[in-house]
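Here's a quick briefing to read alongside the model.

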Amino acid sequence: MTINVDNLNNFMIDVLKELGNIGAGNAATALASMISKKVDMNVPNVRILEFNKVAEILGGEENLVVGIYFELTEDIVGNMMFALDMDSAVNLTNILFNRKKESLDLDEMDISALSEIGNIIASSYANSLSTLTGLKIFISIPSISIDMAGAILSVPAIQYGHVADHALMIETVFEEDQNLVSGNLFFLPNLKSFEKILKALGVN
Amino acid sequence: MNIETIKVGMADLNVTKSPNNLTTLGLGSCVGITLYDKINKVAGLAHIMLPSSKEIKNNDNKAKFADTGIEELIRQMIVLGANKSNLVAKIAGGSQMFNFNSSNDMLRIGDRNVVATKSKLKELNIRIISEDTGGNFGRTIVLDSSDGSLHVRTIGHGEKTI
């Protein structure tokens, strides 16, 4: 079976959504226990986006965001990114450190804490996918960047540039109970890995 | 006369004449290539993602690659009245947004995009008169087609006109 980004059928999209649901469910539980708050998540979106539109998800190309990036290797090759707007990033560190800072500056301690949160979210997501599919996923250490959304999202978009004119991603929005924190998790396996995932789940 | 600012997206290109501006927002590892003919006041901007169309099967979108993007940009500028021998280039972008000790050269794509851009411009005998490339931060650029100046804006790394 060969996947064409520009022509996925509805059944495949439903399977990928459900996969995202399971991964994100575990990730949301991990996040909730870390911050001792209730965390909600939406039904994941399977997005097939023109490169031009990718940054719009995060409020436009020039919007300042925090991106925590992971490389995936072994059976599933691709990347994951956890992205937060600045307000959410500051609120999240405030919850973690039990304080009330209002300025939008993140110090080294904040940045390190955000990397670790990203790490736990991405790892729980990857672990549950691995259990579900029986495929090995090795996840890199986190790398964090605080910059324009367009610049940050260009990194996963370029990966798709090699094979398509669209990027295929499974996106989940996490929201903390009081709407103080909202983050997007993007899972972008390459096309070969999408094929492996669908095959492992018995979709032909 | 109204001055229009034309937005160029990722893997896209556009051309215009004075007094309009061309802009591309949030360049990361991609490279913004601007060409300018100051005699005829014709400007062009390409936002390329990858170094070479030759390494890839799916290469229909010319603006995605440094090599075909530059060729297509020149072609469209000539249609708009530019003279190829007048063209000079300014380039910006090619950052490494995330830092990894990785063998995966996808993450060094910024560098490779800059190298490929320079080599294609050299092959076509187009001089690069200024550049703002590399680093680990994003850039927004605006090309003023009345004088060819290129304004570079960043978050936390200053603003400049090159």
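Buried area here is the accessible area (1.4 Å probe) that two parts lose on being put together, summed over both. By that definition, about 2600 Å² is buried between chain B and chain A, with carbon and sulfur atoms giving 63% of it. Keep in mind that this is a predicted model, where local features need pLDDT of at least 70 and side-chain atom pairs count only at pLDDT 80 or more, while totals for chains, interfaces and linings use all residues. Residues are numbered from 1 along each chain as its sequence is written, chains are lettered from A and ligands numbered from 1 in the order in which they are written, and side-chain values use heavy atoms, with hydrogens and water left out.

**The interface of chain B and chain A**

- Chain B puts 34 residues into the contact and chain A puts in 29, where contact means heavy atoms within 4.5 Å.
- On the chain B side, B:Phe98, B:Phe100 and B:Ile155 lose the most area to chain A, together 27% of what that side buries.
- Two salt bridges cross the interface; a salt bridge is a side-chain nitrogen of Lys or Arg within 4 Å of a carboxyl oxygen of Asp or Glu.
- B:Arg153 pairs with A:Glu62 in a salt bridge, and their closest N and O atoms are 2.8 Å apart.
- Strands S3 (21–27) and S8 (139–144) of chain B each supply at least two residues of the side that touches chain A. S3(B) gives the most, with three residues.
- Helices (H or I, at least four residues) and strands (E, at least two) are DSSP runs, numbered from the N terminus.
- The side of chain B that touches chain A divides into 16 nonpolar, 13 polar and five charged residues. Ala, Val, Leu, Ile, Met, Phe, Trp, Tyr, Cys and Pro count as nonpolar, Asp, Glu, Lys and Arg as charged, and the others, Gly among them, as polar.

**Helix packing in chain A**

- The axes of H1 (residues 10–35) and H5 (residues 191–200) of chain A come within 11 Å and cross at roughly 85 degrees. Axes are lines fitted to C-alpha atoms, for helices over the stretch in contact, and angles run from 0 to 180 degrees between N-to-C directions.
- H1(A) and H5(A) are therefore roughly perpendicular, the label for angles of 65 to 115 degrees.
- A:Met12, A:Val15, A:Leu16 and A:Leu19 of H1(A) meet A:Phe194, A:Ile197 and A:Leu198 of H5(A). That contact has seven nonpolar residues, no polar and no charged ones.
- H2 (residues 86–97) and H3 (residues 108–133) of chain A have axes that come within 10 Å and cross at roughly 90 degrees, which makes this pair roughly perpendicular.
- Residues making the H2(A)–H3(A) contact include A:Leu92 and A:Phe97 of H2(A) and A:Asp110 and A:Leu114 of H3(A).

**Salt bridges and backbone**

- Over all chains, the structure holds 12 salt bridges.
- B:Glu72 and B:Arg75 form one, with closest N and O atoms 2.9 Å apart. They sit three residues apart in helix H1 (residues 66–79) of chain B, so about one helical turn separates them.
- The peptide bond from B:Ser18 to B:Pro19 is cis, with omega near 10 degrees; B:Pro19 is in the loop between S2 (12–17) and S3 of chain B.
- A:Glu74 has phi near 80 degrees, a positive value in a residue other than glycine, and lies in strand S3 (residues 64–74) of chain A.

Notes:
Parallel < 35°, antiparallel > 145°, perpendicular 65-115°, else oblique.
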